[in-house]
Amino acid sequence: MTQTTMTSLQRVLTTLGHQEPDRVPLFLLVTMHGAKELGLSIKEYFSKAENVVEGQLRMRAKYRHDCLNGLFYAPIEVEAWGGEVIYVENGPPNSGRPFIRKPEDIKTVEPPNVKESKCLGEALKAINMMKEKVGDDAPIIGVAVSPFSLPVMQMGFDKYIELMYEQPDLFNLLMKKNEEFCVAWANAQLEAGATAICYFDPVSSVTISTRDMYLKTGFEIAKRTIARINGPTATHVASGRCLPIVGDIAQTGTVVVGTSVDEDLAEMKAACKGKLTVLGNLNGIEMRNWTPEQTETIVKDAIAKAGPGGGYIMADNHGEIPWQVPEEVLLGISEAVHKWGRYPIEI
Amino acid sequence: MTQRVEQFEQALLALDQLAAEEILASALKDKSPMEFVEQVVVPALERIGDGWEQGGVALSQLYMSGRICEKLIDTVLPPKDSRRKEQHNMAITVLEDYHVLGKRIVYSILRASGFTVKDYGRTDVAGLTQRANEEGVKVLLISTLMLPSALRIKEVIPKLNDGMKVIVGGAPFRFDPDLYKEVGADMMCKNASEAVEVINKVMAGAS
């Protein structure tokens, strides 16, 4: 099996089964680079599903990586709730002024209807078109921000922390509303053709919450939410650390966990063995300035630490590669994975 | 005093404002407010910051601890009180985006540590440079979460008055320790609790 060439989907499914595929799967989680590819501004690029589909297909062909990314931009969900999205020329669209201005607003805000939302509809259309193009050749990754992490954009992080500590009733009410939305949004993406959902939950990372807090909040919310998502999920805590809670994360029903560059890949792999597939952990910020030699060394080192035995997907540490990362570096990462990531790993 | 620092730290981590107030009241029997700040508040917040670095303390605890201390110290050292530290004319801002938590934590910790800091809130390049120059700021603290915002600091620094020191912080700087040099800043803070030490270093170098 190791000598034959697998499709991207077969490669990913094999590694998720904690077996060795033909080579280490590579997820280059590029969202904005498709705009460069098509010669469009970032705003123009995300205005039409057709652009994103074309961008994703071209990038997969160019970088020979193993997924299509259904994510348009992180605040698309906030946009659907009526929030503001701010576009910049050289980075991901950013959430604007929070739309929950005071805690009492939580009583009246209502989750958007996923099927009627224009921006979410465009993203669902893109996933559907991607599925028509790639069929079962490559996985399509949808993204849903966790109910526990969405309030950072809904009301601002400082106000959200104060809410957690000072107004537990309103916190619980917001979680209830967010859970309904998250499940509906994730399942709509799966229905449209997504293979799996990235459950994006940075507030649960131990960089933000202690394990005790996580067990009382993000963990219970993830268990309830993931149980209602009708497909596999990958939990991503952005660039945050999660090694001390991987055993708990595994109990939420998720199958993949994203790991931070602040954590040792070998340690993470050992902690996840047989329970979770590890995704990560290339440093997207530093990657802007990597030389070809650095790129090869870093990729090779990651493969040596996490590749053996399967259960590993190479990706960046944040879940979105910065606009500033040049094409040469992305090509270098791909080249190194194709060179050093062949099973059996010989490094 | 070590025991008092530990007790104060525990009160903050438990978000027990009442216990923190009692420790302050007891200390003020034989300490001045500024001595309490320097000998109890600053070390306790540093320990909490270290705890966050090591993963034992949540960012939310660090934020709430800073808020409690800020309120507490304001009661005994109001903002314009002459007993506060020698001031450097400092301002703090979050550049370009709406991610204000990092700035809010640093602001609270600095105020709780006896500094007076102007909070510029969220600014853009033009607004920030104009205001900081007009107000003769000596130390400008800039927080960012997004990489494009961090890179825009390159546009801010050449437009600032000569001699103004710029200290930066936020996730992009944590993940690329050389980024602060790339944008032209004088120093970076890896975490909020480092801010007091870094400001003192920068100003010692400037004098």
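Modeller: Gladly! A:C182 has a relative accessibility of 1%. Buried means under 20% relative accessible area, exposed means over 50%, and partly exposed lies in between, using a 1.4 Å probe and protein chains only. At 1%, A:C182 therefore counts as buried.

Modeller: Before you go on, here is how to read what follows. This is a predicted model, in which local features need pLDDT of at least 70 and side-chain atom pairs count only at pLDDT 80 or more, while totals for chains, interfaces and linings use all residues. Residues are numbered from 1 along each chain as its sequence is written, chains are lettered from A and ligands numbered from 1 in the order in which they are written, and side-chain values use heavy atoms, leaving out hydrogens and water.

Colleague: What makes α13(A) roughly parallel to α14(A)?

Modeller: Two packed helices are described by the angle between their axes and the distance between the axes. Here the axes of α13 (residues 265–272) and α14 (residues 292–306) of chain A come within 8 Å and cross at roughly 30°. Angles under 35 degrees count as roughly parallel, over 145 as roughly antiparallel, 65 to 115 as roughly perpendicular and the rest as oblique. The angle therefore makes α13(A) roughly parallel to α14(A).

Colleague: Which residues make that contact between α13(A) and α14(A)?

Modeller: On α13(A) they are A:L265, A:A266 and A:K269, and on α14(A) they are A:A302, A:K305 and A:A306. Contact means heavy atoms within 4.5 Å.

Colleague: Why is A:K305 called partly exposed?

Modeller: Because its relative accessible area is 33%, and partly exposed lies between the two cut-offs I gave you. A:K305 is placed in α14 of chain A. Leaving aside neighbours within four places in sequence, A:K305 is in contact with A:D264, A:L265, A:A266 and A:K269.

Colleague: What makes α8(A) and α4(B) roughly perpendicular to each other?

Modeller: α8 (residues 157–166) of chain A and α4 (residues 59–76) of chain B pack at about 90°, with their axes 10 Å apart. That angle is why α8(A) and α4(B) are roughly perpendicular. Among the residues that meet are A:I161 and A:Y165 in α8(A), and B:Y63 and B:M64 in α4(B).

Colleague: How do you know that A:R23 counts as buried?

Modeller: Its relative accessibility is 4%, so A:R23 counts as buried. A:R23 is in the loop between α1 (8–16) and α2 (33–38) of chain A. Leaving aside neighbours within four places in sequence, its contacts include A:R64, A:D66 and A:Y343.

Colleague: And why is A:N51 called buried?

Modeller: Because A:N51 has a relative accessible area of 14%. A:N51 is in α4 (residues 49–63) of chain A.

How values were computed
Axes are lines fitted to C-alpha atoms, for helices over the stretch in contact, and angles run from 0 to 180 degrees between N-to-C directions. Helices (H or I, at least four residues) and strands (E, at least two) are DSSP runs, numbered from the N terminus.
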